[in-house]
Amino acid sequence: MSKVQLTNVRKTYPNGAEAVRGVDMEIESGEFIVFVGPSGCGKSTLLRMVAGLESVTSGQVLIDDRLINDVSPAERDVAMVFQNYALYPHMTVRGNMSYGLKNRGLPKAEIDQKVTEAAKMLRIGDFLDRQPSQLSGGQRQRVAMGRAIVREPKVFLFDEPLSNLDAKLRVQMRIEIKRLQRRMNVTSIYVTHDQTEAMTLADRLAVVNDGKIEQMGSPIDLYNNPATLFVASFIGSPQVNLLPATFDGQHLISGDLKLSGFGDLPTSTELVLGIRPDELRLDESGPFLLRVDIVEQHGSDNLIYGGVLGAMNDGDQETEFCFKTSQDMLPDLDSTLKLGFNDERAMVFNKVTGERLR
Amino acid sequence: MVLGIGLVFMLAPLVLVFASSTHTTSTLQLQGLQWLPGDQFVQNYGRIFSFQAGFTDEITPLGMLENSLIIAFSVAFLTTVLSLLTAYAIVFFRLPGKHIIFWFVLVTLLFPLESRFINTFSVASSLGLINTHAGIVLPALAAALGTFFFRQFFMTLPKELIEAASLDGAGPFKFLKDIVLPLSFSRAGAIFVIAFMIGWNQYLWPLMISTDDSLYTLVRGIRFIGQESGPGMAMVVITMLPPFILLLVFQRWFFNSLSAQS
């Protein structure tokens, strides 16, 4: 039960590359925080700075109000689960799990008890005397988590722990991680580029872009109220539909399209209208004419992709929309659909700065 | 087929030497080396153990064997330990200019020991190492091969391993002892065997650095007993045996680590 605090944390590599450019964050005790962002955005660096595997160029990292910038990783009392598991190949599962405790000088009986307990919780009790090479990917991942659990750390750190697993196992382990975290109530930071993982695991989500936190909040809050164009396009699957536009004082203009229901927007800058695929609906009087390119049947619902006729194009690329609808909706290819949208839920961004205007 | 031819080329000299070592000296001198075993096995091999040689002092083949073993084991052990530690430092520590150091080490591979004999000799003599085991062993330890070999292996270890260990409270020494050493065991065995053979087969350097007959090794001692004699052949066989036995003992490790990632 510990809180983590980052104050204006920066990381600059010796070659001048800035990986993290001033991050402020407060993580409450027992919270599950997910850092999500595209690869190379600095989210892993940030995590590794909390772990002590990466030095802090400037700023402060605190765990329970104790400054740990220069504390060695072992003394920070954090445990980390790595993407490639990083199990010690020559040790048994038991050896892997007890190594950290042994180094702390815990009595053998206590170690045994903790290992057995954790193994039971993770259902790897039958494998305790096997080598990692004899285990499947999912089992190795469990051992890696077991190694973290037995130490009863103040903070759990996960660095894309599920990326090496197949899709089915990933979902299973995702649920299991969430359940474990709930049960143990340990403050956790989880790094991923997978937005489904991010949405489902997080109490609060931090969207990282270019070394900065774009926005932080509960997953559903970020989905409903993204502060920037980046957050809007990163969170949500399928991705939000984006339509380049300008404002003439009364209407949003995009090519031949004129959209009403908008007001109080700057007329001088280029804008982007964002509409979630599930905010679109069939509407004979709607403004959009979608020419159907592809229909993806996902079972419970269908995703219809197609170009928006008459819309302003972004470069050479035709503006394309995704329309999320029910499974019985199966239009012919190249047919057109008239679509309307919920203008209350539509978002407008400044195209240059990415700032949300509405 | 190629393998077969190779095998014949490799085995033929061994058969020849062993067969010849069981004939009398006169047979060898009159009829040349023999392909079939003779009846002098006991006499020839027995002669070796009752033989004494030397100009300034006495040395027996058993004494030579002892010298050879001391030198070869020292070379093997120290080479393995030193190259492992060097590679460990090069791979796992952030040393300024470590790549330059490594390339410098690697470049020494290009120069045979012989090319620096004069300098090495003067250094050894100023350190008072002439006519000592240490004098024979130490210059042979600058073995870039082992360092290179361990470095390549350490580079294949995921960097998360050292990170996981540091989170588990293992510092550089513990990481070496608990993680790196156990993982390197079979590779260390391979380097040990190779270095043992290098130490065992040394000829020119021991010849230069030691003038005392008491420091003769088996390889050098063969000449005392006469290469073309029956006992001489027997001594050649004896000389070949220890590296061979060592290889047999270590063979599983040796091939595992030299062929694939075990």
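This is a predicted model: local features need pLDDT of at least 70, side-chain atom pairs count only at pLDDT 80 or more; totals for chains, interfaces and linings use all residues.
## Chain A

Chain A has 358 residues, and 50% of them count as buried. Its secondary structure comes to 8 helices and 20 strands. Along the principal axes, the C-alpha atoms of chain A fill a box of roughly 75 × 45 × 35 Å. Contacts across the sequence are also on record for residues at least 6 apart: in chain A, 67% of these join residues at least 24 apart.

Chain A carries 40 positive and 48 negative side chains. The centres of these two sets lie 9 Å apart.

## A buried threonine in chain A

A:Thr325 sits in strand 18 of chain A, which spans residues 320-326. Is A:Thr325 buried or exposed? A:Thr325 counts as buried because its relative accessibility is 14%, and the cut-off for buried is under 20%.

The surroundings of A:Thr325 come from elsewhere in the sequence. Leaving aside neighbours within four places, A:Thr325 is in contact with A:Asp301, A:Asn302 and A:Ile304. A:Leu303 lies 22 residues from A:Thr325 in sequence. In space, the two are 6.4 Å apart, C-alpha to C-alpha.

## Chain B

Chain B has 13 helices and 0 strands. Read along the sequence, its pattern is α-α-α-α-α-α-α-α-α-α-α-α-α. The C-alpha atoms of chain B fill a box of roughly 70 × 50 × 30 Å, taken along the principal axes. Of its 262 residues, 44% are buried. Among contacts in chain B between residues at least 6 apart in sequence, 73% join residues at least 24 apart.

Chain B exposes about 14000 Å². Carbon and sulfur atoms supply 72% of this area. The charged side chains of chain B number 12 positive and 12 negative. The centres of the two sets lie 14 Å apart.

## The nonpolar patch on chain B

A nonpolar patch lies on the surface of chain B, with about 1400 Å² of accessible area in all. Its members include B:Met1, B:Val2, B:Ile5, B:Leu7, B:Phe9 and B:Met10. B:Trp35, B:Leu36 and B:Met240 are also among them.

B:Leu36 belongs to the patch but is placed in a loop. That loop runs between helix 2 (25-31) and helix 3 (41-49) of chain B. B:Leu36 counts as exposed because its relative accessibility is 64%, and the cut-off for exposed is over 50%.

## Helix 9 of chain B and its cover

Helix 9 of chain B covers residues 159-167. Its buried residues are B:Glu160, B:Leu161, B:Glu163, B:Ala164, B:Ala165 and B:Leu167. An α-helix has 3.6 residues a turn, so residues three or four places apart point the same way.

What covers the buried residues of helix 9? Both chains contribute to the cover. From chain A, it includes helix 1 (43-51), strand 6 (78-81) and helix 4 (137-150). From chain B, it includes helix 10 (172-201). B:Gly169 follows helix 9 and has a positive phi, near 85 degrees.

Note on methods. Residues are numbered from 1 along each chain as its sequence is written. Chains are lettered from A and ligands numbered from 1 in the order in which they are written. Side-chain values use heavy atoms; hydrogens and water are left out. Patches are made of residues with over 30% relative accessible area and no salt bridge: like charges are joined within 9 Å, nonpolar side chains (Val, Leu, Ile, Met, Phe, Trp, Tyr) within 5 Å. Accessible areas come from the Shrake-Rupley method with a 1.4 Å probe; for residues, only the protein chains shown count as cover. A salt bridge is a side-chain nitrogen of Lys or Arg within 4 Å of a carboxyl oxygen of Asp or Glu. Helices (H or I, at least four residues) and strands (E, at least two) are DSSP runs, numbered from the N terminus. Buried means under 20% relative accessible area, exposed over 50%, partly exposed in between (1.4 Å probe, protein chains only). Contact means heavy atoms within 4.5 Å. Lys and Arg count as positive and Asp and Glu as negative; His and the chain ends are not counted. The place of a charge is taken as NZ of Lys, CZ of Arg, CG of Asp or CD of Glu.
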